[in-house]
Amino acid sequence: MFKTVLIANRGEIALRVARTCRELGIRTVVAHSTADRDSVPVRYADQAIQIGPAPSRHSYNNAAAIVAAAQLTGADAVHPGYGFLSEDPYFAEICQAEGLTFIGPSAEVISLLGDKMRARRFVSGLGLPVLPGSDPAVDDAAELARTAERIGYPVIIKASAGGGGRGMTIVEDPRDFPRAYAETRRTAQALFGDSRVYVEKYLETARHIEVQILADGHGNALYLGARDCSVQRRRQKLIEESPAPSVSPEDVDRVGLLAAKVAREAGYVGAGTFEFVVDEQDRFYFLEVNSRIQVEHPVTEMVTGVDLVREQLTVAAGGRLTLRQEDLVPRGAAIECRINAEDPDRGFLPTPGTIEEFVAPGGPFVRVDTHAAPGARITADYDSLLAKIIVWAPDREQAIARMDRALGELVVGSREVRTTAGFLREVLAHPLFRDAKHATSLVDQMCAD
């Protein structure tokens with residue numbers, strides 16, 4: 001096992017990783033920007049090291065600064081968390097070249113599965129269904145327009161190097177295709193340095209289902225059930241739950257085994273997530289692979305009893321998975337709500353500021369992953385995630401009631417900061433959500449009413 005892990009991230013995920021490291025007897029170093037010098041993860045870690053100013057391109061996305069910080073502090077591994085450099089193959093390659101273990105799959109595997117066009121071809125060859133769309137080798141406006149006509153509108157134009165809901169454009173009318181194609185290419189180039197795009201059928205009414213996998217370096221891979229992440233706003237998830245209530249265990253088993261097979265064939269090592277859209281006929285279609293730990297991983301931990309970060313560390317250090325597929329049967333129901341520093345009454349506008357009072361909910365089977373505390377400064381330099389509230393209960397109905405109670409107990413006192421907690425309670429109370437008949441369009445419907 002590692003002696004020292006440098007955590008190249010911030011906020012709740014930095015604290016989350018540091019806690020498991022402490023349980024394993026691993027020394028932690030948190031790399032932080034000037035804006036986070038007084039943050040909770042910095043205070044919790046065994047050591048902290050400043051890597052640059054607030055803008056992430058000069059700190060959390062600065063690979064050279066992070067590698068230098070790891071070498072200066074004697075770290076033998078780097079945990080990237082999520083976001084920032086967590087799915088950057090060049091960062092993984094640099095770590096390896098400098099003698100540091102990157103806690104995640106290899107640069108080659110990240111490149112294969114992170115490139116949506118390559119991933120689409122790879123997974124479909126191993127049996128995972130993909131949405132009707134364009135040939136991955138083709139990126140030509142006229143040819144893609146003909147593909148769109150063939151598969152039928154609406155379609156979605158996606159950046160091959162995209163992710164996180166960015167670099168995609170929905171096209172409803174064929175007359176809009178040339179403009180959307182050009183705009184998506186420009187956006188892809190600006191965001192990802194890669195202008196390649198492709199076309200897929202767009203499902204207007206769909207659920208977002210994802211499968212958590214774990215794999216080691218000894219040819220073992222398994223899946224840990226499914227999460228429903230259909231409550232989204234502008235493709236940013238707000239509420240996640242496990243098991244996914246709207247799909248059958250048999251379908252989850254079928255797709256999960258295929259995802260584990262893809263991971264084995266790719267030589268995947270670590271935790272990862274296969275994302276799917278599911279149509280009204282319960283047909284799964286592969287979307288993408290997230291080759292990292294995800295924000296919503298706690299709901300899987302709550303229903304399986306598996307510490308996913310611990311497993312990440314174990315397999316990254318060369319260990320074998322000790323879990324067996326037949327033992328991973330979800331127990332009860334877990335729900336996670338993301339508390340963002342945003343104002344729903346002003347179009348979910350971010351609300352940076354200072355937190356003067358913070359009281360986390362408690363009670364049975366309630367978990368709060370957060371970096372918030374009295375005196376904490378929420379800056380506009382980073383995403384607005386303030387806390388994650390996760391609850392577990394024997395069934396979904398009790399979990400919804402427990403989450404509603406927990407959200408009601410949350411106190412975030414501030415003259416500037418507003419949160420999404422009240423809006424999330426409205427979602428929980430919505431008949432479509434309560435009956436598990438909601439789709440990714442639910443929040444848009446609520447905002448339009």
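This is a predicted model: local features need pLDDT of at least 70, side-chain atom pairs count only at pLDDT 80 or more; totals for chains, interfaces and linings use all residues.
Local features need pLDDT of at least 70 and side-chain atom pairs count only at pLDDT 80 or more, while totals for chains, interfaces and linings use all residues. Residues are numbered from 1 along each chain as its sequence is written, and side-chain values use heavy atoms, with hydrogens and water left out.

Q: How many aromatic pairs does the structure hold?
A: A pair of aromatic rings is described by the distance of the centres and the angle of the planes. Rings of Phe, Tyr and Trp (its six-membered ring) pair if their centres lie within 6.5 Å; planes under 30 degrees apart count as stacked, over 60 as edge-to-face and the rest as tilted. The number of aromatic pairs in the structure is nine.

Q: Are the rings of tyrosine 60 and phenylalanine 84 stacked or edge-to-face?
A: Their centres are 5.0 Å apart. The planes meet at 25°, so the pair of tyrosine 60 and phenylalanine 84 is stacked.

Q: How many residues apart are tyrosine 60 and phenylalanine 84 in the chain?
A: Helices (H or I, at least four residues) and strands (E, at least two) are DSSP runs, numbered from the N terminus. Tyrosine 60 is in the loop between β3 (47-52) and α3 (63-72), and phenylalanine 84 is in the loop between β4 (77-79) and α4 (89-97). The pair links distant parts of the chain, with a separation of 24 residues.

Q: Is tyrosine 60 buried or exposed?
A: Buried means under 20% relative accessible area, exposed over 50%, and partly exposed in between (1.4 Å probe, protein chains only). Phenylalanine 84, at 30%, is partly exposed. Tyrosine 60 has 0% relative accessibility and therefore counts as buried.

Q: What is the angle between the planes of phenylalanine 177 and tyrosine 181?
A: These two residues are four apart in helix α8 (residues 177-192), so about one helical turn separates them. Both phenylalanine 177 and tyrosine 181 are buried. Their rings form a stacked pair, 6.4 Å centre to centre, and the angle between the planes is 15°.

Q: What is the distance between the end C-alpha atoms of helix α12?
A: The expected span of a helix is 1.5 Å times one less than its number of residues. Helix α12 (residues 396-409) has 14 residues, so it should span 20 Å. The end C-alpha atoms agree with this, at a distance of 20 Å.

Q: What arc do the buried residues of α12 cover?
A: In α12, Arg396, Ala399, Ile400, Arg402, Met403, Ala406 and Leu407 are buried. They lie on the same side of α12, because the arc they cover around the axis (taken from the directions from the helix axis to the C-beta atoms) is only 165°.

Q: Which residue lies under arginine 396, and at what distance from the ring centre?
A: A charge sits over a ring if NZ of Lys or CZ of Arg is within 6 Å of the ring centre and within 35 degrees of the ring normal. Arginine 396 lies over the face of phenylalanine 433, at 4.7 Å.

Q: Where is proline 243, which is joined to serine 242 by a cis peptide bond?
A: The omega angle of the bond between serine 242 and proline 243 is about -5°. Proline 243 is found in the loop between β11 and α9 (249-266).

Q: Is phenylalanine 348 buried or exposed?
A: Phi of phenylalanine 348 is near 60°, a positive value in a residue other than glycine. The residue is found in the loop between β15 (342-343) and β16 (349-350). With 6% relative accessibility, phenylalanine 348 counts as buried.
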